[in-house]
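Me: Could you walk me through this model with me asking as we go? I'd like to begin with how the chain is divided.

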Amino acid sequence: MQKNYGVKFTAFSSALPSVVVKNNDLEKLFSTSDEWIYTRTGIRERRVVSDKESGLSLSVDAANKTLAKAKVDPKDLDLIIVATTTPDKLYPSMSCMLQGKIGAKNSFCFDLSAACSGFIYGITTAAQYIYNGECKNILLVGVDIHSRFIDWSERSVAVLFGDGAGAVLIQRCLAKDDELMCHSLHTESDVDLDLTLPNENILYPNHKNEICPDFVKMNGKAVYQFAVRVVPDVVNKILNKVNLTPKEIDYLVLHQANQRIIDTVSEKLKFNKTQVVSNIEKVGNTSAASIPLVIADSIEKKILKAPCKMLLVGFGAGLTWGGLLINWQGDS
Ligand code: ACO
């Protein structure tokens with residue numbers, strides 16, 4: 001594609017809900033232990049929304065922090081994309097509601113549904129609007145509140161997820177300064193529904209007088225095998241495209257699904273531990289929020305520093321996966 005402009009990642013921010021749920025708290029809900037959860041997932045605690053919080057309130061928080069950091073007026077936003085699979089409402093979309101809350105009245109808005117790959121799909125989508133000259137300032141938010149879609153008695157799923165939001169401001173710059181070096185997106189229909197959040201009330205309208213719970217259903221082993229197959233493959237595709245080796249990448253930023261997946265994949269690819277960022281211990285798997293959350297966290301803790309090359313990979317329901325390489329020059 002002819003690139004008339006470049007893409008710059010001006011500011012990353014995140015927002016977490018107030019309620020902390022530790023592994024020990026889960027021991028009161030079902031038979032489990034901190035040791036079982038930590039050794040299999042790397043998670044010690046996660047955050048969940050209170051009755052006063054929602055995916056939208058977290059998105060507003062992350063968006064406002066991002067715009068303040070970048071010193072950009074919400075009225076200067078051309079486009080808002082929200083990547084989520086747990087929207088507050090089926091419509092209006094999260095992005096339309098967010099526009100009103102932050103006063104970004106000159107933007108057009110849409111949501112993007114690619115589960116845990118949503119942020120990666122969102123960056124590549126936003127970049128096309130910059131490259132073709134249509135937009136200058138794009139706000140991308142990744143947000144999910146899986147705590148409302150989990151059967152809290154189903155121990156194999158309940159231990160994994162947490163709620164959160166992360167945001168990035170993506171701005172137009174000169175083509176020669178483009179920070180997005182390359183991307184690679186993929187989809188493989190999950191015909192066996194190994195990872196699904198059904199919407200039973202739509203499929204079975206006659207159930208309307210009963211409470212029809214919509215809960216995440218997961219075949220953990222199949223998801224693990226999918227992740228350790230596709231993530232190394234997409235990383236290699238990206239490295240080959242730009243002719244770089246793992247040693248020449250500063251940070252590997254994987255979707256924070258499970259520490260065991262992160263460790264297995266990074267060892268397979270021969271990245272060393274100092275290159276691999278992680279915050280799953282404190283927040284669990286936050287789905288579309290996980291990549292911006294771990295980036296914002298790592299920047300704040302000065303673990304991730306610009307200028308750097310960061311390789312981002314998302315993978316999740318769909319099945320979807322994708323990676324991209326950012327030559328990040330830092331906050332605005
Ligand atoms: N506490 C204690 N025991 C448990 C728990 C729990 N929370 N959950 C399951 N068990 C039990 C099972 O019932 C089973 O008992 P049994 O042997 O008596 O039948 C035993 O532990 C082993 O169960 P497995 O499912 O074989 O456990 P496994 O070692 O595979 O670990 C896990 C399960 C952690 C889910 C693993 O399959 C995994 O990491 N899968 C990847 C899934 C993932 O990361 N999903 C993230 C969301 S999707 C995404 O973001 C892309």
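Me: How many Å separate the centres of domain 1 and domain 2?
Reply: The centres, taken over C-alpha atoms, are separated by 14 Å. Domain 1 covers 6–176 and domain 2 covers 180–328, with bounds that come from an automatic or database domain assignment. This is a predicted model, in which local features need pLDDT of at least 70 and side-chain atom pairs count only at pLDDT 80 or more, while totals for chains, interfaces and linings use all residues. Residues are numbered from 1 along each chain as its sequence is written, and side-chain values use heavy atoms, with hydrogens and water left out.

Me: And how many residues of each domain are in contact with the other?
Reply: In domain 1 there are 49 residues in contact with 45 residues of domain 2, where contact means heavy atoms within 4.5 Å.

Me: What about the whole chain, how many helices and strands?
Reply: The protein chain has eleven helices and 13 strands, which are DSSP runs numbered from the N terminus (helices are H or I with at least four residues, strands are E with at least two). Its radius of gyration is 19 Å, close to the 20 Å that the globule rule gives for 332 residues, so the chain is as compact as a globular protein of that length. That radius is taken over C-alpha atoms, and the rule is 2.2 Å times the number of residues to the power 0.38.

Me: Which helix is mostly covered?
Reply: Helix α11 (residues 290–300) is, with ten of its eleven residues buried, and buried means under 20% relative accessible area with a 1.4 Å probe, protein chains only. Among the buried residues of α11 are Ile291, Leu293, Val294 and Asp297.

Me: What covers them?
Reply: The cover over the buried residues of α11 includes α5 (118–131) and the strands β1 (6–15), β7 (163–173), β11 (251–254), β12 (308–316) and β13 (320–328).

Me: Which peptide bonds are cis, then?
Reply: The bond from Ala306 to Pro307 is cis, with omega near -5°, and Pro307 lies in the loop between α11 and β12. The bond from Gly318 to Leu319 is cis as well, with omega near 0°, and Leu319 lies in the loop between β12 and β13.

Me: Back to Ser287, is that residue buried or exposed?
Reply: Ser287 is buried, with a relative accessible area of 2%. Ser287 is also one of the residues touched by His146, whose other contacts include Thr85, Phe161 and Val216, not counting residues up to four places away in sequence. His146 is found in the loop between β6 (137–145) and α6 (155–158), and at 6% relative accessibility His146 counts as buried.

Note on methods: Buried means under 20% relative accessible area, exposed over 50%, partly exposed in between (1.4 Å probe, protein chains only).
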